[in-house]
Every structure is written in C-alpha cells, then in structure tokens.
Amino acid sequence: MIRVYSPATIGNISVGFDTLGIAISPIDNSNFGDIVEIKEHKKFEIKNIGKFSEQLPVVFTENIIWKCWKYFCKKINKKISVLITLEKNMPIGSGLGSSACSISASLVAMNEFCKKPLSKKELLNIMGRLEGEISGNIHYDNVAPCFLGGLQIILQSKKYISQSIPYFKNWKWVVAWPGTNVSTSKARKILPKRYKLHTCIEHSRNLAGFIHSSYSAQQKLAISFIKDIIAEPYRMKYIPGFLKMRKNLKKEGSIGFGISGSGPTIFSICNNTESANSISKWLEKNYLINNQGFVKICKVNNKGTVIKR
Ligand code: HSE
C-alpha cells in the first residue's frame, strides 16, 4: 500500500493572481492537507473518508479522484485496478487549494503505484488540466506549490511550468476559514474580462516589486507589494467585513493581509509568535461563522506532496 500526503496552499498571495502560490503547514507540524492511499484491487474503486468527505459529490463520475484516475490511465494507456482511499481533510471551496490536494496526492500515488511512468513535469501538466476542469480555467497556483512545496511562481511556458523562489522564513501565515464555501469557478466568473491599462501596469509593478524584494531579501519592501487590484475588489463582497478586518488585524500585528485563493479563507502575515497568537485569537472570535471553521498558524511547507512510508 502507498500513502501520500499533500499540503494546503495559498493561491495568488494577493499580488500574483494565478501566478504565485505557497504551500503551508501548521507550526506544530500537524497534518493540514489530504491523504490518499492506493492498493491493488479487483476493480477500480474509491473510498471517501475524513472530516470533509461529506462535501464530496455523490455522483461517482464527478469525484475528483475518478477524474484523476481516468486522466492518468489515458496517459499511460492502461486501466489500473486499484482501490483509492481519499482522506478528505480539507474543506471544499475554502480557498486553501482543497482540489489541488486531492489531485496532487492521487496522481503521485498512482504514479508511484505504477513505478513512475510519468515525469514530474508530465504530472504537473495533468494537475493543471484537472484543476482547470474543476474551476473553469487552468491555473497552477495551487497545484504547483502543493506538488512541489515552497513559494512557486507560475511561468506556464512550454519548458517551465513553475519555479521555486525564495521566501521569508520568519513569516508566519495565519489562515482562517470561516466555515462557509465559495466555488472557485463562480469566483472567477465575477471578474472582469478586461482591465484598464493603468491597472495592468500597476499590477506588473507590484508583482515585479514583490519578486525583486524576495530575491534581495527586503522584507518591508516585499510586504508593501502584497496588494490585489485584480480579484480582491470584486471578491471581497463574499467576505463580510473584509476592509474592517484588515484594519483590526493590523492592530494585532498583521503586516500583510488578503484573500487566500478565491476565498472565503483569508490569510494574515506576521513576523513573530506573539502577533500570530493575537491575530489567531481575533480571527477565532470575529471571523468564524460555525464550529466547522478554523484558524491555523502556519509556516511554509517546502516539501510539497510526499509519500508516507
Ligand atoms: N488563482 C485562483 C483564483 C486560485 O484566484 O481563482 C483559486 O484557489
């Protein structure tokens, strides 16, 4: 039996819509992602377990694992008879790369099971396509960090899909999921089809500035570029009290704030444990809507998807 773990991710990081993504793990090193197990079986079968398995579609052919299996078998030109158990630990439509977790874990598990017929690049390519089927557009800012770990910049060129870039190791990433769901495909449909020239220029400046600051290890400068002028103005309506929350969290020590992926999870960056704890407390008190919601203090996960022996 093979067991694979894939971590949660923050897509966009405000400044890099569809272009930047980071893999995260709680500072206490607990699991914060999906787990897939694969073993030989008389026929192809899926078993869903885990806290959020009830959120998965009931129709078999709509299950993400079925889609991954179909794509993988087509690619290797062979139908594999396996039992895949998905431990669905990430809430669906939360903005924490839940689908990327299931996609990455199941593809890596199948590839390992078949003795690695596909290269890393081929796997990543399929992951992006599958993510596209689910959300309406191919985007790699969740699957790439989920699979490869660290902070990834999506290049989407023929030769290079994604590359790792340096990140600030002292930053803590506090994420809060209120307990409600937003569909990525819907959150993409509300965005404009065209943007004004000055918006495009400012966006390029912010993203370039962030990358430059990351390479030159200038933290304050990097933080000053964590701004979202592409999606946030349209998506913040899904997040009650968004602007007020940004102000309040600043008082608790937050140095950067934004929507994680397409929301409703929000992320807040800080650079010390004390602030991380006050931010976390504030969010628990003011942002969680039901008892499913959670707040996690995270660091960067630089391993990505791993096979657990
Ligand atoms: N870049 C994607 C979006 C991430 O914002 O639509 C989705 O999690």
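Helix 2 (residues 98-113) comprises 16 residues and spans 23 Å from its first C-alpha to its last, close to the 22 Å expected at 1.5 Å a residue. The expected span of a helix is 1.5 Å times one less than its number of residues. Helices (H or I, at least four residues) and strands (E, at least two) are DSSP runs, numbered from the N terminus. The model is predicted: local features need pLDDT of at least 70 and side-chain atom pairs count only at pLDDT 80 or more, whereas totals for chains, interfaces and linings use all residues. Residues are numbered from 1 along each chain as its sequence is written, and side-chain values use heavy atoms, with hydrogens and water left out.

Just after helix 2, Lys-115 adopts a positive phi of about 65 degrees.

Strand 11 (residues 294-300) is likewise largely enclosed by the rest of the structure, because five of its seven residues are buried. Two strands pair if DSSP finds at least two bridges between them. Strand 11 pairs with strand 2 (residues 20-26) in the antiparallel sense over three bridges, and Ser-25 stands opposite Lys-299 of strand 11. Strand 11 is also joined to strand 8 (residues 172-177) by five bridges, and these two strands run antiparallel. Trp-177 has Phe-294 in strand 11 as its bridge partner.

The ligand is surrounded by residues that include Phe-17, Asp-18, His-139, Asp-141, Thr-184 and Arg-235; a residue is near a molecule if one of its heavy atoms lies within 4 Å of it. Polar contacts are pairs of N or O atoms within 3.5 Å; within protein, one must be able to donate a hydrogen and the other to accept it, and residues adjacent in sequence count only if both atoms are side-chain atoms. Polar side-chain atoms lie 2.8 Å from an oxygen atom of the ligand in Asn-12, 2.9 Å in Asn-142 and 2.7 Å in Arg-188. Taken alone, the ligand exposes 260 Å², of which the protein buries 98%. Accessible areas come from the Shrake-Rupley method with a 1.4 Å probe; for residues, only the protein chains shown count as cover.

Overall, the chain has 10 helices and 12 strands, and 55% of its 309 residues count as buried.

Methods: Buried means under 20% relative accessible area, exposed over 50%, partly exposed in between (1.4 Å probe, protein chains only).
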